[in-house]
Amino acid sequence: MASSKVQNSLGQSNLELSPWNPRSWFLSKRYWWVPIFLIHELVLLAATFFPLMSHPAVQHRQGYFWFQWDSLNYINIGQLGYTHLPGIFKYKEVAFFPFVPVLVRIFTPWGVLVLEQVVFILVLLLLKSFGERMGLNRGQAVAAAWLFALNPAAIFYSSIYAEPWTLFTTLVSLFFAVRKRWLAAAIVAAMTSLTQGTGILAGLFPLMFFILSIAQHDYKTARGSLVWGLGSAVGLAVYMLYLGKTYHNPLMFSTVQTTLWHAHWTWPWQPFLQELHTGGLGRHHRLRFAYEGIAAIYALGALMMWTLKGSHKTANTSTTNTSTTSTSTTSTSEQIGAKLYVTAGLLVSFSFYSGGQPFHSTIRIASMFFPLYIGLAKYLPKWVIVIVLLAFSAVVYAGTSLFTYGYFFQ
């Protein structure tokens with residue numbers, strides 16, 4: 001296999017870059033994702049086998065390894081279907097959208113777990129590509145990948161949850177769209193809205209493409225983005241039709257959140273303020289206070305995304321005769337869409353309140369709105385990014401320890 005060499009300031013080569021030389025992975029443009037993936041996996045495995053708790057066995061585990069909490073719901077639906085679940089669960093479980101259960105049905109739980117590790121690597125590659133289109137240099141784009149890989153909800157990207165698939169399909173759909181492969185983008189967008197309710201927010205991207213292309217009289221892009229957007233709508237419509245036919249309530253996935261999961265929507269940040277008022281500084285609330293700080297960092301990343309102006313880079317397309325107007329429309333639409341997507345996503349995440357747990361699903365859902373990592377990587381100094389990564393890693397370790405042994409951590 002051919003290998004390249006890194007040259008020092010005198011032009012002398014001092015390190016051979018090869019897949020068989022692990023040291024070169026930190027310098028190679030081709031293998032930059034390897035150390036990120038390995039450290040992500042090592043942190044999760046270390047927290048699993050060396051948990052931060054004195055007596056983990058006192059809590060009875062219903063799951064095993066990384067199959068915990070919602071993973072068990074997805075597995076049950078995948079193996080039994082919605083209508084064959086026992087008792088009230090046949091109604092309660094419709095809050096879980098069907099895409100992940102279908103994967104479980106096809107690949108088995110362990111197969112999905114392995115597949116998710118591959119998906120995680122692909123997300124790193126797609127996130128770096130997106131960051132560079134937003135105007136980040138290579139170092140900043142790789143930093144964004146680091147921030148995502150060690151985000152406080154990292155355990156859910158290596159377990160059977162909806163978030164890794166929502167993030168992956170959103171990035172893949174966008175990848176196809178900026179290359180004008182509208183039908184492929186629409187098919188993947190349908191998968192996104194079949195994964196979880198918040199997946200429909202990815203429709204903000206085709207909406208921006210459509211509006212700006214109409215404004216600039218780029219009707220070819222407008223037609224393509226309309227196909228893309230319809231794909232996003234079709235995915236949700238298919239699940240609503242199933243619920244309407246089976247349970248006579250096409251919105252049942254939403255209504256069961258309140259009636260059976262004790263969840264409801266409130267004002268943004270209200271769950272956090274509630275915790276400050278009632279939680280105190282006891283040991284059971286320290287992780288939640290850490291979550292408050294993380295939520296503030298996420299919000300900062302979203303705000304920083306809004307400061308991006310005209311620095312985006314266009315993607316290479318297979319169509320060599322694409323007009324300058326069309327390329328400009330695509331780039332601007334992607335950037336505006338990203339700003340709206342991350343803002344709407346965090347507002348939804350920070351407004352979700354469930355059963356006396358202010359952080360039930362909040363950081364987990366917020367973690368998949370990938371433009372926030374781009375904003376942080378673009379404007380935070382390197383030393384601040386290092387501090388953020390250390391803080392993220394500490395919460396990942398503590399949270400994974402809790403999650404793996406059946407304690408509440410969502």
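Some ground rules. Residues are numbered from 1 along each chain as its sequence is written, and side-chain values use heavy atoms, with hydrogens and water left out. In this predicted model, local features need pLDDT of at least 70 and side-chain atom pairs count only at pLDDT 80 or more, while totals for chains, interfaces and linings use all residues.

I start with helix H8, residues 204-215. Helices here are DSSP runs of H or I, at least four residues, numbered from the N terminus. The expected span of a helix is 1.5 Å times one less than its number of residues. For the 12 residues of H8 that gives 16 Å, and the end C-alpha atoms are 16 Å apart, which agrees. Which residues of H8 are buried? They are Leu 204, Phe 205, Pro 206, Met 208, Phe 209, Leu 212 and Ser 213. Buried means under 20% relative accessible area, exposed means over 50%, and partly exposed is in between, with a 1.4 Å probe and protein chains only.

Now the two histidines. Most residues other than glycine have a negative phi. His 217, in the loop between H8 and helix H9 (219-247), has a positive phi near 60°. His 217 is exposed, because its relative accessible area is 57%. His 248 also has a positive phi, of about 60°, and is located in the loop between H9 and helix H10 (252-259). At 69% relative accessibility, His 248 counts as exposed.

Next, the aromatics. Rings of Phe, Tyr and Trp (its six-membered ring) pair if their centres lie within 6.5 Å; planes under 30 degrees apart count as stacked, over 60 as edge-to-face and the rest as tilted. The count is 32 aromatic pairs. One of them is Phe 49 with Phe 65, a tilted pair, 6.4 Å centre to centre with 40° between the planes. Phe 49 is in helix H1 (residues 33-49) and Phe 65 is in the loop between H1 and helix H2 (70-80), 16 residues apart. Phe 49 counts as exposed at 55%, and Phe 65 as buried at 16% relative accessibility.

Tyr 239 and Phe 253 have ring centres 6.3 Å apart and planes at 35°, so this pair is tilted. Tyr 239 is in helix H9 and Phe 253 in helix H10, 14 residues apart. Both are buried.

Last, charges over rings, meaning NZ of Lys or CZ of Arg within 6 Å of the ring centre and within 35 degrees of the ring normal. Arg 179 sits over Phe 175, 3.9 Å from the ring centre. Arg 364 lies over Phe 156 at 5.6 Å.
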